[in-house]
Amino acid sequence: MTTLMNIKTQYPTMDDAHLAQQARTEAFAELYHRHLTSVFRYHLAHTGNTKDAEDLTSQTFMAALEGIDSYRGTGPYIAWLMGIASRTRLRHFRGSRPEVPLDAALQIPTPSLPTDKAAFQRLQLDQILGALKHISSDRAEALILCFFSELNFAEAGLVLGKSEAAVKMLISRGLQDLRTRTSLPLEVDYE
Amino acid sequence: MNKDILNQLTADEQNAALKIVEAAETMQVSPTFRWDLETQLMEKYKTQRQPTQGWFTKFAGTLGWAFLAIGVLFLLSWTIRSLVPNLSAASNTTPMNSFEQNVRAGNICRGPLAVAHNYSVALTNQAKTGFITLDEQESIGELRSLVWSPDGKQLAIVGNTTGTGNIYLTDSTGSSLQPVLANSELGYLMDAAWSHDGQQLLTWSLQNNTIVHVMNTDGTGLTEIQLGLQMFGTPQFTPDGESIIFYGADSTSAGLFEVSLDNMQTRTISTMVEDESNYAWSPDGTRLAYIEMDRDLVKARIIVAEFEAGSQAVLATLPILKSGYSIPDSANLSWSPDGTSLIFDLGRSVTDRAIYLVHMDGTGLVKLADSVYAPALSADGDCLAYISNKQVFLLDLTSKNATPLFLADLPTGRSIADYRLDKLQWGAELVP
């Protein structure tokens with residue numbers, strides 16, 4: 001029986017647009033494998049809560065599977081998928097749960113790391129996610145799309161409705177804001 | 001991380017970016033969640049692949065429920081009418097119905113309302129009961145922007161098909177689409193701006209955002225003008241037609257700039273303007289309004305500058321406190337047709353936005369509606385159109401206690417686009 005998971009091996013080299021346009025639903029498994037981490041990190045960066053991020057990731061992929069036939073191939077598939085992720089997130093924040101307190105939230109699984117290093121990483125991530133909430137939403141969204149979900153400027157531009165150059169400026173200003181308006185230590189440690 | 005991105009950042013920015021990426025890489029999807037999600041997706045996938053067996057049974061079931069619902073509604077309606085015999089007569093005299101009748105009859109809120117949503121464009125029908133989607137043939141491609149001509153009779157629509165730009169014109173009825181540029185080699189086109197005489201259009205592309213292209217409205221006379229700055233969005237001609245203003249960036253900062261088209265002389269109007277829809281010329285062309293987002297003072301300032309005199313005044317301020325989910329941004333600034341007020345929206349997300357009205361006489365700022373965005377004032381100044389929860393509404397500005405009138409659902413569009421690309425714009429009144 002063909003299942004979602006063993007479909008993966010049928011399209012190892014095809015790019016996203018061809019997969020989504022030509023193979024439609026059958027190629028969804030491959031697209032899912034490629035972009036699961038991007039979508040999960042996007043939601044975790046916004047919610048700061050693993051459980052909510054998992055819920056939203058599920059909803060995003062369910063909606064994407066349902067709507068894959070409506071993807072026209074006029075833009076990158078990842079931009080289409082992150083558009084769905086963005087709308088799913090906005091629906092989540094509408095109404096009863098406007099904000100998740102970060103200090104009560106982060107439960108990032110890092111099983112392979114020593115305890116002290118894992119704790120340090122968790123603290124650092126906590127600080128970054130907290131700081132993102134204190135800069136403008138456009139800039140925070142651009143930073144999350146590019147650095148957490150690994151979209152390029154053009155793809156992030158399509159999600160945000162901005163030009164590639166405007167996204168670059170949002171990133172520059174966002175990074176500057178994080179360094180000047182928050183207490184976030186973003187200098188590189190030279191060892 | 002994406003090395004292309006890293007290579008485009010300065011050394012300082014790269015350092016900060018690497019720290020963020022390092023933190024992001026600690027976010028791992030747990031195997032348990034992955035397994036659960038894949039199981040759910042497989043179930044859904046199998047359901048989607050099932051042929052339409054039993055469609056008659058499903059159809060009959062749906063039909064049964066529909067009849068039952070109609071019956072219940074009919075019974076409920078009959079009961080209410082029996083208990084309150086004068087209800088229907090009384091409701092006809094309420095302000096909302098009067099407003100609705102006047103809108104549908106074309107007595108107020110005249111002219112077509114254009115909507116941009118999900119990379120597609122539509123116009124209201126004559127009775128203002130719904131939208132007619134333009135470009136059914138998809139010749140315009142993925143919509144980027146739309147703008148009415150200065151006389152409000154022609155709509156310029158900018159779209160792209162597989163990276164090549166298109167500009168089309170249509171009239172107030174949307175009956176035909178005339179190409180100005182089709183499959184242009186200029187690249188992915190972003191905006192169009194009309195000259196004040198309505199004879200020329202200016203556009204720019206992502207391929208090279210340091211130049212703009214000017215052409216006649218029939219597509220002839222295409223010329224290229226070097227800006228010396230980066231264009232980010234929404235160029236507009238100055239009233240004398242000799243310069244353009246736009247949201248862009250020089251080597252040090254982003255903001256609102258003016259560049260002379262003759263000698264490329266550059267003037268920085270404000271480095272605190274943060275979006276391409278936060279500036280607008282007054283209807284008489286003498287004043288420029290713009291919104292500054294002062295992140296240090298946590299204030300949004302609505303400023304009006306007398307363009308010739310060079311003087312400026314702060315009309316109103318709004319706090320943009322650092323609380324809740326991120327801090328807000330403003331958008332969609334426009335003037336009332338009589339030049340006595342300004343309108344814009346401000347908020348943190350699509351569901352958390354409000355529309356504000358600022359009076360030019362200095363009497364302050366009024367919040368008109370919550371959980372709404374993309375405001376547009378009709379040419380007669382009587383109507384405010386806006387979007388809320390994927391629906392378009394009209395508000396009667398002549399009545400103090402007006403109830404919003406539902407106009408229509410947003411058109412479905414081509415594919416999902418960010419809400420910031422959603423725009424409403426009124427055209428001129430149709431002349432028989």
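**Chain B as a whole**

Begin by selecting chain B, which has six helices and 28 strands. Helices here are DSSP runs of H or I with at least four residues, strands are runs of E with at least two, and both are numbered from the N terminus. The model is predicted: local features need pLDDT of at least 70, side-chain atom pairs count only at pLDDT 80 or more, and totals for chains, interfaces and linings use all residues. Residues are numbered from 1 along each chain as its sequence is written, chains are lettered from A and ligands numbered from 1 in the order in which they are written, and side-chain values use heavy atoms, with hydrogens and water left out.

Of the 432 residues of chain B, 51% count as buried. Buried means under 20% relative accessible area, exposed means over 50%, and partly exposed lies in between, with a 1.4 Å probe and protein chains only. Among the contacts of chain B between residues at least 6 apart in sequence, 40% join residues at least 24 apart; a contact means heavy atoms within 4.5 Å.

**Chain A as a whole**

Next, select chain A. Its secondary structure comes to eight helices and zero strands, and from the N terminus on the elements run α-α-α-α-α-α-α-α. Chain A has 191 residues, of which 61% count as buried. Among its contacts between residues at least 6 apart in sequence, 58% join residues at least 24 apart.

**Helix α2 of chain A**

Select A:H43, which is placed in helix α2 of chain A. Is A:H43 buried or exposed? It counts as buried, because its relative accessibility is 0%. Not counting residues up to four places away in sequence, A:H43 touches A:G48, A:A53, A:L56, A:T57, A:T60, A:A85 and A:R89.

**Aromatic pairs**

Over all chains, the structure holds ten aromatic pairs. Rings of Phe, Tyr and Trp (its six-membered ring) pair if their centres lie within 6.5 Å; planes under 30 degrees apart count as stacked, over 60 as edge-to-face and the rest as tilted.

Select A:Y32 and A:F61, an edge-to-face pair with 5.2 Å centre to centre and 80° between the planes. A:Y32 lies in helix α2 (residues 28-47) of chain A and A:F61 in helix α3 (residues 50-67) of chain A, so the pair ties together parts that are 29 residues apart in sequence. A:Y32 counts as buried at 0% relative accessibility, and A:F61 is buried with a relative accessible area of 0%.

Now move to B:Y386 and B:F393, a stacked pair with 5.9 Å centre to centre and 25° between the planes. B:Y386 is buried, with a relative accessible area of 4%, and B:F393 is buried at 15%.

**Strand β10 of chain B**

Select B:H213, found in strand β10 (residues 208-216) of chain B. With a relative accessible area of 5%, B:H213 is buried. How far apart are the C-alpha atoms of B:H213 and B:L186? They are separated by 8.7 Å, while the two residues are 27 residues apart along the chain. Not counting residues up to four places away in sequence, B:H213 touches B:L186, B:L201, B:L202, B:T203, B:W204, B:L222, B:T223 and B:E224.

**Strand β20 of chain B**

Continue to B:N332, which lies in strand β20 (residues 329-335) of chain B. B:N332 counts as buried because its relative accessibility is 13%. Its side chain makes a polar contact with the side chain of B:D345 (2.9 Å). A polar contact is a pair of N or O atoms within 3.5 Å; within protein, one must be able to donate a hydrogen and the other to accept it, and residues adjacent in sequence count only if both atoms are side-chain atoms. Leaving aside neighbours within four places in sequence, the residues in contact with B:N332 include B:S277, B:N278, B:I343 and B:K423.
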